[in-house]
Amino acid sequence: MGYEEKDAEQLNGEEHPIPTEGIGCFPARLKDALAGESARVFSRRCGLSEGAIRSYMSGDTYPTLDRLELIASALGKDMQWLAFGEEKADSIDVKGMEDYAFVPLYDAQCSAGDGAWNENCRVLTHISFTRYSLRKQGLTPDHLSAIRIDGDSMEPVLHSGDTVLIDHTRTAIEGEGIYILRLDGHLYAKRLQRQFNGVSIISANKEYDKVLVPQDQLHELEIVGRAVWSAGWL
């Protein structure tokens, strides 16, 4: 999940333009894939600026291949379809699997200890869920992604290596829950609790102290989404 902004000078220093044939409907396909997600929220997920995403959505400009790959990975979509409306033969839209949704699992590690951040994240695989089970939980496949936990600060609730599913639409604190957040450039899985003087970041492991983010520093706390499912080896 590339939350860190990557502009042109950060993408290999080269431009790799998309061939112009057949790309006229790219803005419409991008909007369709976003499924109502705002440019502001999606820009954080894919690692590009909000202005760039808005420009692509309006058709004023088109992404280079480097940027198209970032956008497609963040959406869990095929680059070829996103650019030209064509599916690859190995598309994840498998015949007979219409009742299943496929959520991208990124190679970004979520630090539940000291913090970690991996740039240039890519989709490792897709995790399948029945569409019925997601609907039952009020979840939309296009707004979900998955990452793995790294660290022991959320034990025994979450263990290092566990996979968590993130709902990117839930970026406001709704009672106590486990959220994926960014603070000081690091990615964490933590419980969040509102206080009169700020927000408390709480670890399940009692060896880790509670951290208070005061009201005047809340702008530095970015809630990426809420963890809604987890799985790991027993």
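## A walk through the model

Start by selecting Ala-35, which sits in the loop linking helix H1 (26-34) to helix H2 (39-46). This is a predicted model, so keep the confidence colouring at hand for the later stops. Is Ala-35 buried, partly exposed or exposed? Its relative accessibility is 34%, so Ala-35 counts as partly exposed.

Next, select Glu-155 and Pro-156 together. The peptide bond joining Glu-155 to Pro-156 is cis, and its omega lies near 10 degrees. To find your bearings, show strand S3 (144-150) and strand S4 (163-167); Pro-156 lies in the loop between these two strands.

Zoom out to the protein chain and switch to cartoon. You will find six helices and nine strands. Of the chain's 234 residues, 46% count as buried. With the surface displayed, the chain exposes about 12300 Å², of which carbon and sulfur atoms supply 48%. If you draw contacts between residues at least 6 apart in sequence, 62% of them join residues at least 24 apart.

Finish by colouring by pLDDT. The chain average is 77, and 76% of the residues score at least 70. Select residues 1-23, where pLDDT stays under 50; the model has 70 contacts beyond four places in sequence for this stretch. Then move to residues 87-91, another stop with pLDDT below 50. How many contacts does the 87-91 stretch have beyond near neighbours in sequence? The model shows six.

How values were computed: Residues are numbered from 1 along each chain as its sequence is written. This is a predicted model: local features need pLDDT of at least 70, side-chain atom pairs count only at pLDDT 80 or more; totals for chains, interfaces and linings use all residues. Side-chain values use heavy atoms; hydrogens and water are left out. Helices (H or I, at least four residues) and strands (E, at least two) are DSSP runs, numbered from the N terminus. Buried means under 20% relative accessible area, exposed over 50%, partly exposed in between (1.4 Å probe, protein chains only). Contact means heavy atoms within 4.5 Å. Accessible areas come from the Shrake-Rupley method with a 1.4 Å probe; for residues, only the protein chains shown count as cover. pLDDT is the predictor's confidence in each residue, from 0 to 100.
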